Amino acid sequence: MRAKSLVIFFVVKLILLIIVCGENTVQIQAKQAAQQQQEPVWDGNKVEMISEKLAPNVYAFYDKNAKELNEKGGAAATSGGLIVGEKNCLLIETMLNKRLNAQIQQMSRNLSNSKPIRFVINTSSHGDHSYGNMYMPSTTMIIQHIHTKQFVDQHMNEDKQFMIQNFGQGRGIEEIEARTGDILIEYGSKIQIDLGNGKLVEIIDFGFGQTGGDLFIWEPQSRVMWTGNPIVALKPALPWLLDGHLIETLKTLTKVYEFLPHDARVVPGHGTVIKKEDLRWHIDYLTALKTNVQNAIDQELNLEQTVNKTIQVMQEFRGYILFDWIHSSLNVPKAFDELKNNK
């Protein structure tokens, strides 16, 4: 993820509670948000994590307010999970700070009868998914995409400054030190982790999902998948094309959808558990975005005209509190640049 995309990512979180009325308003608010200390959209000093049992020895972890926030089109804190094996466990995501990491480690001990956490998976390089790595036991193996390790190795200090600016000082970010992968997933590959008693966990790179280092975790016995941020939350949440790659992202989500059995359950990046068919909303949005932006380009409309046109014809995708920002000021411009350059 480029530095420019990081700015976009964290500024978006700051303005989540503002219902904007136009592109110019959003741009002004974003600049102000980047310059001022404001309350974060979710506070790492206040979030309380809970668990949901999805199958024997398989659990989702998420913000206790996630259901209410998702239904309103808001954003909850990071979701993750735990898979308990014969002698040890696999933890998905390590959270933003020491406080939240301590919560999920305590839940893991309670749910596993204190079996050690042998493996941790970060679905991306985002700090709210991976900063807690440093608090895991030294015996825990960190699993990351190779792109995630490269990003953290090159941009950790810069990333922390953005996180402090936008999640606030005193949220435990200042003390974070990088801890990167012991096991690295190559582009387009997958591995299996054997937790004993036939409990196999698949870690898969389906392609570009949001960062270029996106990992999907599949537990076939319980038919549960963790997606990280390529699927942020339940409808009406929308995909965030932070670094562009509309066509690749659409292909990736389509691959994921086709991979899943009809009764699969999905733990998204920032929400409660959803079903396979809930992914159609995200795929349909990207498909409509691609079609309508391409039509505008074919009609030789400029970017501003394209934004206005897509707003008119994509009203069915409203409902997300950030629609006017994510769609108009992020996704459409990214799609416009990509498709225009591919013409």
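Where is Asn113 found?

## Basis of the model

The structure is a predicted model, in which local features require a pLDDT of at least 70 and side-chain atom pairs count only at pLDDT 80 or more, while totals for chains, interfaces and linings use all residues. Residues are numbered from 1 along each chain as its sequence is written, and side-chain values use heavy atoms, with hydrogens and water left out.

## Backbone features in loops

Asn113 is found in the loop between helix H4 and strand S5 (117-121). Helices (H or I, at least four residues) and strands (E, at least two) are DSSP runs, numbered from the N terminus. The phi of Asn113 is near 60°, a positive value in a residue other than glycine. Asn113 is exposed, with a relative accessible area of 69%; buried means under 20% relative accessible area, exposed over 50%, and partly exposed in between, for a 1.4 Å probe and protein chains only. Met95 also has a positive phi, of about 75°, although it is not a glycine. Met95 lies in the loop between strand S4 (89-92) and helix H4 (98-112), and it is buried, with a relative accessible area of 1%. Most residues other than glycine have a negative phi, and most peptide bonds are trans.

The peptide bond from Lys235 to Pro236 is cis, with omega near 20°. Pro236 is placed in the loop between S11 and H7. A further loop, between helix H2 (23-35) and strand S1 (49-55), contains Val41. Val41 is partly exposed, at a relative accessible area of 22%. The C-alpha atoms of Val41 and Ala76 are separated by 8.4 Å, and these residues are 35 residues apart along the chain.

## The open sheet

Six strands form an open sheet of mixed pairing, in the order S8-S9-S10-S11-S12-S13. Its edge strands are strand S8 (190-194) and strand S13 (274-275), each of which pairs on one side only. Two strands pair if DSSP finds at least two bridges between them. S10 and strand S11 (residues 224-228) run antiparallel and are joined by three bridges. Trp218 stands opposite Met225 in S11.

## Aromatic pairs and charges over rings

The structure holds six aromatic pairs. Rings of Phe, Tyr and Trp (its six-membered ring) pair if their centres lie within 6.5 Å; planes under 30 degrees apart count as stacked, over 60 as edge-to-face and the rest as tilted. One of the pairs is formed by Phe206 and Phe216, which is edge-to-face, at 5.4 Å centre to centre with 85° between the planes. This pair links distant parts of the chain, ten residues apart: Phe206 is in the loop between strand S9 (200-204) and strand S10 (216-219), and Phe216 is in strand S10. Phe206 counts as buried at 10% relative accessibility, and Phe216 is buried at 0%.

The rings of Phe206 and Phe259 have their centres 5.3 Å apart and their planes at 70°, so this pair is edge-to-face. The pair links distant parts of the chain, 53 residues apart, with Phe259 in helix H7 (residues 246-259). Phe259 is partly exposed, with a relative accessible area of 31%. Ring pairs link Phe206, Phe216, Trp218 and Phe259 into a cluster. Elsewhere, the charged end of Arg280 sits over the ring of Tyr257, 5.1 Å from its centre, and the charged end of Arg118 sits over the ring of Phe119, 5.8 Å from its centre. A charge sits over a ring if NZ of Lys or CZ of Arg is within 6 Å of the ring centre and within 35 degrees of the ring normal.

## Nonpolar cores

A nonpolar core is a set of buried Ala, Val, Leu, Ile, Met, Phe, Trp, Tyr and Cys residues joined through side-chain atoms within 4.5 Å. The largest nonpolar core has 45 residues, of which Trp240, Leu260, Leu279, Leu286, Leu289, Val293 and Ile326 touch the most other members. The elements that give two or more residues to this core are S10, H7, helix H8 (279-298), helix H9 (303-313) and H10. H8 gives the most, with nine residues. Another core, of 29 residues, lies apart from it and includes Tyr59, Ile104, Met107 and Met156.

## Helix H10

Of the 19 residues of H10, 16 are buried, so this helix is largely enclosed by the rest of the structure. H10 bends by about 35° at Asn331, and a proline, Pro333, follows within four residues. The bend at a residue is the angle between axes fitted to the seven residues ending there and the seven starting there.
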